[in-house]
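Please have the sequence and the model open while reading. The text goes from the overall fold to the metal site and then to the residues around it.

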Amino acid sequence: MTKTVQCPQCGQPVPWQDDQKWKPFCSERCKLIDLGDWAAENHRIAGKPAISPENESNDFH
Ligand SMILES: [Zn+2]
């Protein structure tokens, strides 16, 4: 009996087996897409300044 999970990227059923090296993804491609999305999201948040120096000095006034 093989357990099946859904690929988080494309939703395809993925057999949960030792030889399924990309689990829980169905393929290397889906894994890389997911990691790429995550990295892009992370990069966008990190690149955006949390506090604007102008706003801070206005509040201080
Ligand atoms: Zn997939």
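The paragraphs below describe the fold, its confidence, the metal site and its surroundings.

This is a predicted model, in which local features need pLDDT of at least 70, side-chain atom pairs count only at pLDDT 80 or more, and totals for chains, interfaces and linings use all residues. Residues are numbered from 1 along each chain as its sequence is written, and side-chain values use heavy atoms, with hydrogens and water left out.

The protein chain contains 2 helices and 2 strands, arranged along the sequence as β-β-α-α. Helices (H or I, at least four residues) and strands (E, at least two) are DSSP runs, numbered from the N terminus. The mean pLDDT, the predictor's confidence in each residue on a scale from 0 to 100, is 81 for the protein chain, and 70% of its residues reach 70 or more. Confidence is highest in S1, at 94, and lowest in helix H2 (residues 53-60), at a mean of 63. Where pLDDT is low, the predicted coordinates should not be read in detail.

Of the 61 residues in the protein chain, 10% are buried. Here buried means under 20% relative accessible area, exposed over 50%, and partly exposed in between (1.4 Å probe, protein chains only). The protein chain exposes about 5,500 Å², with carbon and sulfur atoms supplying 54% of it; accessible areas come from the Shrake-Rupley method with a 1.4 Å probe, and for residues only the protein chains shown count as cover. Among contacts (heavy atoms within 4.5 Å) with a separation of 6 or more, 7% join residues 24 or more positions apart.

Which residues hold the zinc ion? Its protein donors are Cys-7, Cys-10, Cys-26 and Cys-30, each through SG, lying 2.3 Å from the ion. Donors are N, O and S atoms within 2.8 Å of the metal (3.2 Å for Na, K and Ca); water is not among the atoms, so sites may look incomplete. The arrangement is tetrahedral because the 4 donor atoms subtend angles of 105 to 119 degrees. Four donors count as tetrahedral if all angles lie between 85 and 135 degrees. Along the chain the donors follow the spacing C-x2-C-x15-C-x3-C. Cys-7 lies in the loop between strand S1 (4-6) and strand S2 (13-15), and Cys-30 in helix H1 (residues 28-47), so this pair ties together parts that are 23 residues apart in sequence.

Cys-7 and Cys-30 are both buried. They also belong to the largest nonpolar core, whose 5 residues include Val-5, Val-14 and Phe-25 as well. A nonpolar core is a set of buried Ala, Val, Leu, Ile, Met, Phe, Trp, Tyr and Cys residues joined through side-chain atoms within 4.5 Å. Leaving aside neighbours within four places in sequence, Phe-25 contacts Cys-7, Pro-8, Gln-9, Val-14, Gln-20, Cys-30, Lys-31 and Asp-34.

Two of these partners have further contacts. Pro-8, in the loop between S1 and S2, touches Pro-24 and Phe-25, not counting residues up to four places away in sequence. Gln-20 lies in the loop between S2 and H1 and counts as buried because its relative accessibility is 14%. With the same exclusion of residues up to four places away, Gln-20 touches Val-14, Pro-15, Phe-25 and Cys-26.

The loop between S2 and H1 also holds Pro-24, which is joined to Lys-23 by a cis peptide bond with omega about 5 degrees. Most peptide bonds are trans. Ser-27 is found in the loop between S2 and H1 and, at 23% relative accessibility, counts as partly exposed.

Methods: Tetrahedral: all angles 85-135°; square planar, octahedral: opposite > 155°, others 65-115°.
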